[in-house]
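Q: I am new to this structure and would like to go through it step by step. Could we look at it together?

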Amino acid sequence: MTNGWADLQNAKVFLIEGSNAAENHVMSMRWIRKAQQKGAKIIHVDPRFNRTSSIADIYARIRPGADIAFLSAVINHVLSNRLYDEEYVKLHTNALFVANEAFGFDEGVFSGYDHEKHKYDQSSWGVQVDAAKKPVKAKSLDDPRCVFAKLKAHFARYTPEVAEQVSGVPARQVVEIAETFAKNRPGTILYALGMTQHTVGIQNIRCYGILQMLLGNIGVAGGGVNALRGEPNVQGACDMSVLNGYMFGYLNYPSHNEPTLKDWTRNNGTFRQKMTVNGLKAWFGENATPENDFGFGLLPKKSAKKDYSVYGMIDAAYAGTLKLLWVNGQNPMVTNPNLGYVHEALSKLDMLVVQELWDTETASFWQRPGSDPKAIQTEVLLLPGAYFMEKEGTISGSGRMVQWRYQAVKPPGQAKTDLEILDAVFRRVRKLYEGSTDPKDAPILKGTWGYAPGSLAEDVLKEISGRVLRDVTLPDGKVLKAGDYVGGIGQLQADGSTSSGVWIYAGIFGGGKNLSKRRDSADKSGIGFYKDFAWSWPGNMKILYNRASCDASGKPWPNAIPIVAWDETEKKWKGKDTPDVPDPLKGPDTPEGQRAFRMNAEGVGRLIAGPFKSYKAPADELPVDVSYVPKDGPIPEHYEPVESPVPNVLHPAQQNNPALKYPRVKAKQPIGTAKDFPYVLMTSSVSEHWCAGSTTRNVPWLNELVPEPMCELPEALAAKLTVKTGDRVKVSSARGAVTVKAVVTKRMQVMRIAGQDVPVVWMPYNWGFKGLSTGPSTNDLTIDAVDPGASTQETKACLVNVVRAEETVARR
Amino acid sequence: MNVSRRGWLKLAAGGTAGLALAELGLGPSEARAATKGLKLEGAKEFTTACNFCSCGCGMVAHVKDGQLVNLEGDPDHVINFGALCSKGAAMKATHDSPQRVRAPRYRAPGSDRWVEISWDEAYEKLAAKLKAVREATWTATEKDQDKDGKEVEYPVNRTDAIGLLGGAQHTNEECYVFNKMGRLFGTSFVEHQARL
Ligand code: SF4
């Protein structure tokens, strides 16, 4: 989330699309309802009428996988009716930058597309730069060469009527939503997996970024783009870089063709290099020196040509190259799509290790109904871990608030805390390599690993936060003493005199105090910042990009709640929140004082996202910062899901995302067509069961509330199939089939898309063959095509057939 | 001394957790008076947070004689102020559930059953396998063309045969160590359920 849970109370309008917040992020409603009581409007856009829809002022039914068509029409309405915030757009975005002349878009593909490799050369997506390597700026938004003009031209094709044709949202409702959202500010956007689990997931969210920047809704209280994340510590796991592509907190993991820190810096900039040095010092301590590139050579380098995502993992297991898989509190035999293939892949491993609370479908994959354990040669270890009340440590919720949890009780039986298990395994392996001089073993022997048994979690948190390793004198004369804990990102040094395992968490142990333990719940801000309760990254900041809440002179925009401002007498940025500026002492009259989006090389928000590097001096070899560019386009464009019942009406020749590669493993990844599988299936959780259900399906009272999976059908489809609620139906896709009970409702509907009837059905995916409540896994049906940039699977839209099952059971 | 339930929770949960009433500087009689009518008399309190969705609702765990006797919404938590949803409210049942795995288990190749093993055996098997896989699959260099089209042999020092998966159910500290360990072992297959 750019903002936080309690900040939702400050919004005047909510666009909730791709989330059933009322059922799946229940506590968000506490704050949304507060805003609603003060008159805020709630817009809910979803294929299924659910409990979030029921409290919304406007509910719009949308076809799964058609969000870009709808949102582009909203953006188009804002652009063509001048509903955008012109001052904000000119100041805080790249709207005035002059686009590259070679930039273009034709028949569904952007310039630079390689049809054979399904890949873009992104160079034409950037902006023109002058001799100082700074972007050339147009005088007005009407200049046809500028980014804003290109944006307008791109979205002009998305009329409300086109949106209706593609997404099923009636044209008049598209306009009503655009007007309501644009005219009530600040407005916030909430989304969850309904938006990300698509082969256009990144571009779905890009629509939100663009819309919110146009409306001046980023960086302000009550605004933002807020991801309601799926898992309790999915935010923290990402922050800690348990992701193949990152290290030390969202720093790009090095590839084979970046053998030195300098090679890496060429692609990432010196700002991030500094953070990497701090990470390397945390990992390798004394063994990281300027002479040895701070131990950069000790990091394994991934191949830039391979896919290391969880889907690459499954493909590698199936190919027989992945030998040992260690699964820690995850249950892919329920949650991965295309489960039949996942099962075959796991069966080819030499060893599977599952660290868990329960005996799950993954741990016992060899017991899967229909499979023969004798034929599965995989060794399996099941290591009993501890649940949250049985161990201590921090988690980071969606709002980036890092809170400490105390250990209340011991884990049951011989179960151990997961940190103990990981620590013990690492020490064992290190012991096996003791005395080795083989370079391949150097990282294991040279890595820092001295967490004390009695205070494992806090010792690790100290390493994450960072230490002062040699005395440092800061620019303001303040001296940091060796042995101190770093107080924040601003204190981190590029020369190895400080360390921080995850730079965005620098300072959580500032002053030697564990700030995640703070418990002051008084609302001193009056707007729900609760700055003395726990600690939020970065630097206890509550609203990211909050410099954008001010105008060029550093004063809050007239209608915004003041959260930060430039104080002319004290000569510094200050306010209720930690100012999001490169340097709190550099005012609006300096370039630093105008970088509201300082993590972009451009320093401003990017309406069109192309390549850009910033340099301190034009002749410098290494950039300071390098901007990220989505693989599949600089601006969103509607593409159909891999399995779709309709043609792409915008460009029939380019049906799907051009950067998509699917199938990856032809024999195992069939693509169904509407001829055999005429209905669209969307999947999600229910309020009572969570994710794989490994935990919730072992809680009797939750099983009583929702005892089994089901397929929810629109009445018109049910009538055609002569199915009524409680009957058993067989749902099948190109990948598998399951039999479940039917639930016939008005919540699902047959939609009218591109002139044809498209029935949409829904199933929860939380079941499997283990636990107290067992049932078929919906992911036997779903497709494992993934977003080209994020590798998120398209579990929100695939094609199925539904027929009456032979046997029927009596109504419950 | 008159301490309301809410005030009491605040006192007991603030700062260091796990304080019994007597440790709050209240005399025994005052403590008894304060807890009169409370079912959880004498229980120690620990603050924690829910482990289902990413709202991060605060909870208070009550522990008596080492047993978890109650788990409820934390009235002084800035996200939920005491409330919990149906899942969060059901959390207590997970700690002492008979379904929990209580000892390490092993399933041999081709076997149709689990056998319980000791931690020592489990660690031994895993550490030996990690080493064996590294030895058998190590890639020291990777050949590729540089940007001028020249063939280069890059040092890569990795194995693509070990995968680490999971983290969103765990603490930041566990995630950090899991990732660090994986990278030190030499694998790039480090992932978790970020997409679920
Ligand atoms: S109690 Fe419910 S809303 Fe709160 S964190 Fe747990 S699952 Fe989420």
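Q: At what angle do the axes of helix α14 and helix α16 of chain A cross?
A: In this predicted model, where local features need pLDDT of at least 70, side-chain atom pairs count only at pLDDT 80 or more, and totals for chains, interfaces and linings use all residues, the axes of α14(A) (residues 310-319) and α16(A) (residues 339-347) cross at roughly 55 degrees and come within 7 Å. Residues are numbered from 1 along each chain as its sequence is written, chains are lettered from A and ligands numbered from 1 in the order in which they are written, and side-chain values use heavy atoms, with hydrogens and water left out.

Q: And how are the axes and helices defined?
A: Axes are lines fitted to C-alpha atoms, for helices over the stretch in contact, with angles from 0 to 180 degrees between N-to-C directions. Helices (H or I, at least four residues) and strands (E, at least two) are DSSP runs, numbered from the N terminus.

Q: Which residues of α14(A) meet α16(A)?
A: Ile314(A), Asp315(A), Ala317(A) and Tyr318(A) do, and they meet Tyr341(A), Val342(A), Glu344(A) and Ala345(A); contact means heavy atoms within 4.5 Å.

Q: Changing topic, how is chain A divided?
A: Chain A has domain 1 (6-98 + 158-227), domain 2 (546-595) and domain 3 (666-804), with bounds from an automatic or database domain assignment.

Q: How far apart are the C-alpha centres of domains 1 and 3 of chain A?
A: They lie 26 Å apart. In chain A, 26 residues of domain 1 are in contact with 28 residues of domain 3.

Q: How much area do these two bury?
A: Domain 1 and domain 3 of chain A bury about 2100 Å² between them, 58% of it on carbon and sulfur atoms. Buried area is the accessible area (1.4 Å probe) that two parts lose on being put together, summed over both.

Q: Which three residues of domain 1 supply more of its buried area than any other three?
A: Arg48(A), Gln197(A) and Thr199(A) supply 32% of the area that domain 1 of chain A buries against domain 3 of chain A.
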